[in-house]
Amino acid sequence: MHLPALGVLMGGIVPFFPEIKAPPVKAEPIFQVGPLVVTNSMLGSLLAFLIILLLIAAVSRRREERPGRVQAAVELFVGGLYNFSKASGGTVGTALFPLFAGLLLWLLVNNWIALIPGFGQVVVHHGAEAIPLFRAANADFNNTLALALMVFFLIHIFGVRNHGLAYFVEFINIPALFKGRPIDFVVGLFHTIGEFAKIISLSFRLFANIYGGEILIAVIIGLAGPVAVIFYGLEVVVVATIQAFIFGLLALIYISLVSEHADHPGEHGESGSHVPTEEHLPT
Amino acid sequence: MDAHAAQLLAAGLAMGLGAIGAGIGIGNVSGKAVEGISRQPELKNDLQQVMILGIVFCETVAIYALVVALILLFVAK
């Protein structure tokens with residue numbers, strides 16, 4: 001007996017398992033507040049916020065000198081993140097810790113609650129069709145695009161803060177034209193394109209992985225029944241964790257790269273240091 | 001072959017062919033990282049971080065392919 005048939009057989013044993021459909025690409029609107037259309041992915045992200053707030057309230061209310069089991073676990077987690085951020089963020093590692101940890105924690109909770117069975121099965125009825133009340137926030141491209149844009153602007157704000165207006169020489173290299181090095185000017189234009197590619201790759205990486213996970217679960221349930229999904233579900237959990245981690249890590253690394261103090265920000269590659277610079281990293 | 005069939009076929013081909021390169025890249029990166037870690041286990045944490053970054057950048061190529069496939073499937077008329 002091959003595996004899918006076994007899966008259907010075992011799936012048949014579990015009664016009343018709700019039908020799981022792959023979500024459409026667009027998040028569905030639930031209700032409207034003035035001009036703001038509230039979609040189910042926004043409700044999902046608000047739920048994640050609520051859970052994080054409750055967690056923080058629960059953990060920080062009972063702080064003790066000798067930590068209990070929960071407090072020790074949380075301290076281990078936050079301390080680990082802090083050390084990691086310090087180690088990989090270079091000179092601004094500690095300053096960027098709140099950004100890194102905040103992004104990571106929010107994405108992690110968002111990605112994880114979407115994998116709890118029953119999360120997508122809470123439905124509201126709009127006329128004849130039933131619309132899920134919650135949806136994984138990162139399975140909606142609007143959410144990941146907003147995060148990617150935030151990181152993009154932060155990168156360049158930090159760049160300008162550290163190098164002043166000379167920061168833009170890396171992208172629009174007008175001095176090179178006067179020095180008779182037009183190639184450098186063209187290279188700068190390619191850097192500009194590369195910067196905008198960061199938005200695409202950051203936002204689509206997260207969106208595609210989470211949305212792909214949702215589709216994978218739906219397809220496997222359709223093919224082989226709810227029991228078989230456990231094996232693929234494990235992979236989806238791992239992917240959800242890694243992607244949350246990677247989004248925070250990339251934000252940290254991009255920002256720390258533009259914050260390195262170089263004398264000539266336009267000429268990273270020639271400084272002879274082996275600190276990885278912007279030019280060496282693709283998007 | 002009508003236009004819609006060609007669209008579906010193109011989406012499948014884009015994703016499948018795009019995944020080949022990313023797959024090879026990710027395999028190379030993790031394989032070399034395993035070699036490095038087994039040679040110098042004390043560098044495990046550093047190597048792991050570099051490995052994850054390398055994997056992410058390889059994966060980006062597949063993501064571009066996925067974007068093309070999604071556009072073909074859902075946006076292009």
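Me: What percentage of the 283 residues of chain A count as buried?

Reply: The general idea is a count of surroundings: a residue is buried if 20 or more other C-beta atoms lie within 10 Å of its own, exposed if 12 or fewer, and partly exposed in between, with C-beta atoms placed from the backbone. In chain A, 30% of the 283 residues count as buried. Keep in mind that this is a predicted model, where local features need pLDDT of at least 70, side-chain atom pairs count only at pLDDT 80 or more, and totals for chains, interfaces and linings use all residues. Residues are numbered from 1 along each chain as its sequence is written, while chains are lettered from A and ligands numbered from 1 in the order in which they are written.

Me: How many helices and strands does chain A have?

Reply: Helices (H or I, at least four residues) and strands (E, at least two) are DSSP runs, numbered from the N terminus. Chain A has 7 helices and 4 strands, in the order α-β-β-α-α-α-β-β-α-α-α from the N terminus on.

Me: Which elements do the buried residues of α5(A) pack against?

Reply: Two residues are in contact if their C-beta atoms, placed from the backbone, lie within 7 Å. The buried residues of α5(A), including A:Phe141, A:Val151 and A:His163, pack against α2 (40-61) and α7 of chain A.

Me: At what angle do the axes of α5 and α7 of chain A cross?

Reply: Axes are lines fitted to C-alpha atoms, for helices over the stretch in contact, and angles run from 0 to 180 degrees between N-to-C directions. Angles under 35 degrees count as roughly parallel, over 145 as roughly antiparallel, 65 to 115 as roughly perpendicular and the rest as oblique. Helix α5 (residues 141-163) and helix α7 (residues 182-258) of chain A come within 6 Å and cross at roughly 15 degrees, so they are roughly parallel to each other. Among the residues making this contact are A:Phe152 of α5(A) and A:Leu202 of α7(A). By class, there are 17 nonpolar, 4 polar and 1 charged; Ala, Val, Leu, Ile, Met, Phe, Trp, Tyr, Cys and Pro count as nonpolar, Asp, Glu, Lys and Arg as charged, and the others, Gly among them, as polar.

Me: What about α1(B) and α2(B): parallel or antiparallel?

Reply: Their axes come within 8 Å and cross at roughly 175 degrees, which makes α1(B) roughly antiparallel to α2(B). Their contact residues divide into 23 nonpolar, 7 polar and 2 charged.

Me: Which residues touch the most other members of the largest nonpolar core?

Reply: A nonpolar core is a set of buried Ala, Val, Leu, Ile, Met, Phe, Trp, Tyr and Cys residues joined through C-beta atoms within 7 Å. Of the 58 residues in the largest one, A:Phe247, A:Leu250, A:Ala251 and A:Ile255 touch the most other members. α4 (97-113), α5 and α7 of chain A, together with α1 (3-39) and α2 (44-75) of chain B, each supply at least two residues. The most come from α7(A), with 25 residues. Leaving aside neighbours within four places in sequence, A:Leu250 is in contact with A:Leu202 and B:Val56.
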